[in-house]
Amino acid sequence: MSLFSQRPFSERTATWLQQSGLHPLLARLYAARGLESPDELPLELKHLLSPTELKNCLSTAYLLADILEKKESMLIVADYDCDGATACAVGLRGLKMLGGIDTPIQFLVPNRFTMGYGLTPEVVELAAQQNPKPKYLITVDNGIASEAGVDRARELGMEVIVTDHHLPGDRLPKAAAIVNPNQPGCTFSSKALAGVGVMFYVLVALRAELRKRGKFTNETQPKVENLLDLVALGTVADVAHLDRNNRILVANGLKRIRAGIAQPGMQALFQVAGRDPRKANSFDLGFAIGPRLNAAGRLADMTLGIRLLLTDHPDEAMALAQELDRINRERRVIETGMQETALANLSEEQLSGTIAQRNCICLWHPEWHQGVVGIVASRLKERFNRPAIVFAPDGNTGEELRGSGRSLTGFHLRDALDMVSKREPGLILKFGGHAMAAGLTIRKDDFAKFDRCFQEVADSLLTDDILERRHPHDGALLPSEFTPEIGDLLAEEIWGQGFPQPVFYGEFEIISQSLMKEKHLRLMVRPMTESASSNTNGAPLTAVWFNRTQSLPATAKLAYRLVTDRYQGQARVQLMIEAHDESSVAG
């Protein structure tokens with residue numbers, strides 16, 4: 001069963017926003033996303049929260065300024081996803097920009113298949129072997145839970161500066177400095193900074209400290225703002241909550257991309273993805289650019305992605321971007337095969353009647369790739385509206401399975417795994433994550449037992465309300481709003497996690513429908529008003545429903561996105577259908 005409901009909003013707030021000069025449709029959409037006054041509308045950099053509010057940011061900047069003055073060696077330890085890669089590139093570029101051009105600054109990104117996540121003791125020992133041996137390790141997008149790794153670093157004569165955004169454990173590591181908006185005692189009002197956002201804030205504070213020391217003036221200081229295209233990419237790709245502070249970072253990063261002054265690696269990624277950087281939006285970053293960068297960490301080594309973000313040479317950038325594009329195509333093939341196998345397994349369960357009795361999905365296969373399990377779990381969660389965990393062999397001994405899970409709003413996945421761990425000590429070898437996503441390792445021989453225990457926990461926590469598929473929408477569009485101009489207006493805005501892309505809802509006459517490539521539904525539709533019969537309201541509109549083959553009735557209530565499609569210089573409106581409301585017979 002699906003529930004369609006319009007996002008509530010204050011008419012008074014929408015009117016106030018409109019009176020400030022905002023387009024009436026945007027005023028309604030913004031009010032439905034929690035904006036309360038016109039003061040929240042501007043997204044210029046001057047409206048960013050101050051680094052002075054971010055705990056330890058100024059003292060860390062002071063420490064880094066001393067390190068740069070002494071030219072002491074540093075090594076950035078990155079994570080292997082898009083946020084980690086962009087944070088690493090921002091850190092390296094920023095430190096060089098702020099006076100570290102003659103300072104030995106290296107980077108290291110752990111191999112996700114052999115070393116796991118974060119600053120582990122093994123990663124620290126690898127860092128100590130670099131030439132020159134670093135005096136300081138700087139973590140980006142990791143480190144807040146790396147007690148053992150920090151202790152090992154100190155034993156080996158290295159200090160650690162932690163920059164991270166993940167939730168801390170019961171104890172903080174004994175690092176030289178920790179900058180994390182989610183650490184205890186931090187009053188920074190945006191807890192949603194991605195790892196790359198935290199690193200950017202450290203650089204802004206470092207620039208201020210160096211300015212105070214007379215290294216440069218307001219007029220001559222390096223422009224760390226030039227790194228905002230990378231900050232925008234990491235923030236969107238990490239699905240960070242787009243509060244106002246993050247929307248400011250993303251908006252200014254997109255402005256640079258649209259102006260053609262992004263890093264060469266970013267420009268190359270747009271080119272291989274077939275996207276127009278002049279019309280760059282947050283959807284491009286999340287669904288075209290981010291996946292190509294992430295593919296390196298999933299199937300190969302994120303060093304490739306970081307090298308792309310660090311190069312200043314367009315030819316090298318293009319060669320690296322093409323290699324990432326190739327890896328991403330390989331990732332898609334692997335993902336498709338894994339999905340087909342998963343669906344076949346679930347079909348067998350359906351035939352036996354067991355899937356109907358299950359509130360969660362747990363699957364593994366000896367030939368699955370551990371770098372892609374998270375994507376497949378996400379696809380299964382979306383398709384069946386059930387929490388899903390997908391496992392693959394760990395690639396070392398093959399005796400362990402590494403799993404990645406995705407969840408529904410209302411079912412805290414990390415807490416559910418914690419319950420399993422407490423009920424069956426030793427069943428889960430290690431796990432971590434948050435409400436909507438988590439990773440874990442179990443023994444291969446324990447899969448059936450884990451499946452049973454996780455199912456029991458899910459049964460105790462999941463309710464019909466949580467399992468009901470929800471389709472929040474933004475109500476109907478006026479007939480006058482089905483225009484290319486409205487499509488362009490919506491495309492230019494900053495949408496994403498916590499500030500969702502608009503989805504509209506209305507009743508349509510289905511004029512014609514056919515299949516594209518045997519798997520996508522292509523339609524001609526005409527919007528109907530509540531009081532209108534099915535033959536009113538002007539010219540038909542093109543609509544597409546991806547991965548849908550089932551036809552629609554003669555009239556249908558649809559949830560859809562409005563986009564502008566351009567072909568041979570002509571702009572036209574297109575509806576991207578998200579869902580069909582079958583709860584009542586339309587017409």
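Modeller: Rings of Phe, Tyr and Trp (its six-membered ring) pair if their centres lie within 6.5 Å; planes under 30 degrees apart count as stacked, over 60 as edge-to-face and the rest as tilted. The structure holds 14 aromatic pairs. This is a predicted model, in which local features need pLDDT of at least 70 and side-chain atom pairs count only at pLDDT 80 or more, while totals for chains, interfaces and linings use all residues. Residues are numbered from 1 along each chain as its sequence is written, and side-chain values use heavy atoms, with hydrogens and water left out.

Colleague: What makes Phe188 and Tyr201 an edge-to-face pair?

Modeller: The centres of Phe188 and Tyr201 are 5.2 Å apart and the planes are at 80°; the limits are within 6.5 Å and over 60 degrees, so the label is edge-to-face. Both residues, Phe188 and Tyr201, are buried, meaning under 20% relative accessible area with a 1.4 Å probe, protein chains only (exposed is over 50%, partly exposed in between).

Colleague: Why is the pair of Phe391 and Phe447 called edge-to-face?

Modeller: The ring centres of Phe391 and Phe447 are 5.8 Å apart with planes at 85°, so the pair is edge-to-face. Phe391 and Phe447 are both buried. One aromatic cluster is formed by Phe391, Phe411, Phe447, Phe450 and Phe454.

Colleague: How do you know that the charged end of Arg247 sits over the ring of Phe499?

Modeller: The distance to the ring centre of Phe499 is 4.0 Å. A charge sits over a ring if NZ of Lys or CZ of Arg is within 6 Å of the ring centre and within 35 degrees of the ring normal. Arg548 lies over the face of Trp545, 4.3 Å from the ring centre.
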